[in-house]
Amino acid sequence: MSHQTHRRLVIVVRADPVICGHSVEARNLAEAALQRGFDDVRIVTWPIDLLEAAGLPLKPLDTISPYSPGITVERPAPIGDYKIVDGRFTSGVVGRLVELFTDGVPTVCMSLYLSPHTLCVAEAVRIAQSTGLPVRLATIAEAVGSDVTNVVRAAVAEDRFGAAAQVLASYLSQDVPVAVSEYTRDVIIEEAVAVDERHGTDFAEQCRRRISISYPAIDTASWLALDPAETERVLARHGLTKGRYVLSLSRLMPAKGIDDLIAGFSTSEAAAGLDLAIVGRGPSEADLRAVAAASPAASRIHFLTDVSDAEKPHIMSASAAYVLATKPTEQFVETFGITLVESMLAGGGPVITTDCGGTLEAVGDTAIIVEAGSSAAIATALDEALSYSPAELAAHVVKARAYAMRFDRLAVFDHLFERVLQPA
């Protein structure tokens, strides 16, 4: 196949079926690459049974939209036996990348999440270059934020210099290091400063000089001009009525603040006649169901765990308000908030969110901002959002959608790839 291929893009990421905004971003960058002339696009990711064993929240396989022809998802099998533990899987990914980097095809490789994906790419580049075979390659590494807080920050706190240095050095070894938001870039530099102050390294200056911003790529077209008849069918399937529900759509985990939303929803006067639709899966599902069952609004709170990719725009477009009540935790801080932009594109009710991490970069001045962790603030915000007149809501939709269009996947792709020296 290699003699027929002229331009290849390889994306290394935790891909579908993982419930994660950046698996969606990888899909969108892959689709944009086809439109921009890449004739071989590969997403290199992990076996599904490994993702399941890790406890990651996963979509049902039958709800995932297919990729376009020309996009191949590869899940390399582990190398070696059980005694090698997790290294079997990284060996499989690194080995496959080496093969893709040494077959003579001009290739751009982008990794999303530094650990383990950029670590795998950096190792594969080193090995490929040592083979003596032609390597026609450019690399992009996107830090999404949690990869820094979970790995580098933990390593700094535990005084494990080597682990922190491994991630930062691998990141900076890539041709184009980018961060998913200004907030994420600041976090990276902050942690690099901590490493430098303790060990006399110079990571922070390199980070300040080299890291640029590449916001998440979103398929804006799939959220616009929705078929009203299909919207009605989707709502009927899930027991929803247009304009009669508040929506939450995210992983079910503590940092998403869904417990605060349940409490705020139950005390909002304006929401008294509405339902709350909580869409998603995740480790907090059982706990949140218990919180909802104990709420005064229990009969109006519904968990939807089987919403397909194709149904999400319809459910967002018909909501009375969309709430992402995200709050910082030790394990996770919202570094952007892709669902915020998707809701703005879909044209549903006002977006309510917190000033947490990179959320303000996602919404600009188009959302109602509340204090993180405050159910009372959510209740007040719902009272405000649900009081918009039809004219006010229409004006809000136009403004929010115009802001959200800056994250269109082709615009993001072009802005990112203009920084990449294409391999000859």
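# Close-up views of a predicted model

**View 1. The largest nonpolar core.** The largest nonpolar core has 51 residues, and those touching the most other members are L9, I11, L97, F101, I140 and F417. Such a core is a set of buried Ala, Val, Leu, Ile, Met, Phe, Trp, Tyr and Cys residues joined through side-chain atoms within 4.5 Å. Buried means under 20% relative accessible area, exposed means over 50%, and partly exposed lies in between (1.4 Å probe, protein chains only). With seven residues, helix α3 (residues 87–101) gives the most to this core. Helices (H or I, at least four residues) and strands (E, at least two) are DSSP runs, numbered from the N terminus. Another core, of 32 residues, lies apart from this one and includes M316, L340, A367 and F407. In soluble globular proteins, nonpolar side chains tend to be buried together.

The model is predicted: local features need pLDDT of at least 70, side-chain atom pairs count only at pLDDT 80 or more, and totals for chains, interfaces and linings use all residues. Residues are numbered from 1 along each chain as its sequence is written, and side-chain values use heavy atoms, with hydrogens and water left out.

**View 2. The surroundings of L9.** L9 is in contact (heavy atoms within 4.5 Å) with L29, A33, F38, D40, V41, R42, V108, F413 and F417, leaving aside neighbours within four places in sequence. Both L9 and F417 are among the residues that touch the most other members of the largest nonpolar core.

**View 3. The sheet of seven strands.** Seven strands make an open sheet with parallel pairing, in the order β3-β2-β1-β4-β5-β6-β7. Two strands pair if DSSP finds at least two bridges between them. At the edges are β3 (71–74) and β7 (212–213), each of which pairs on one side only. Strand β6 (residues 176–179) runs parallel to β7 and is joined to it by two bridges. A179 stands opposite I213 in β7. Helix α7 (residues 182–199) packs on this sheet and touches β5 (137–143), β6 and β7. The direction of α7 makes about 110° with that of β6. Axes are lines fitted to C-alpha atoms, for helices over the stretch in contact, and angles run from 0 to 180 degrees between N-to-C directions.

**View 4. The sheet of six strands.** The order β10-β9-β8-β11-β12-β13 describes an open sheet of six strands with parallel pairing. Its edge strands, β10 (301–304) and β13 (368–370), each pair on one side only. From one strand to the next, the twist averages 25°. Three bridges pair strand β11 (residues 321–324) with strand β12 (residues 351–354) in the parallel sense. V323 has I352 in β12 as its bridge partner.

**View 5. The largest cavity.** In the whole structure, a search finds two cavities of 30 Å³ or more, and the largest has a volume of about 40 Å³. On a 1 Å grid over the protein atoms alone, a cavity is a set of points where a 1.4 Å probe fits but cannot get out, and a pocket is an open set with protein on both sides within 12 Å along at least five of seven lines; lining residues have an atom within 4 Å of a point. Grid points are joined across faces, edges and corners, and a volume is the space filled by probe spheres set on the points. The largest cavity is lined by A155, V156, D159, R160, F161, A164, A194, V195, R198 and H199. Two or more lining residues come from each of α5 (146–157), α6 (161–172) and α7. The most, four residues, come from α7.

**View 6. The second largest pocket.** About 230 Å³ is the volume of the second largest pocket. Of its 13 lining residues, L226, P228, T231, K242 and S317 lie nearest the centre. The elements giving two or more residues to this lining are α9 (228–237) and α16 (390–404), and α9 gives the most, with four.

**View 7. I262 and its contacts.** I262 lies in helix α10 (residues 258–267) and counts as buried because its relative accessibility is 1%. Not counting residues up to four places away in sequence, I262 touches L276, I278, L288, V291, A292, S295 and I301.

**View 8. S284 in a loop.** S284 sits in the loop between β9 (275–279) and α11 (285–293). With a relative accessible area of 9%, S284 is buried. Beyond its neighbours within four places in sequence, S284 is in contact with L252, M253 and P254.
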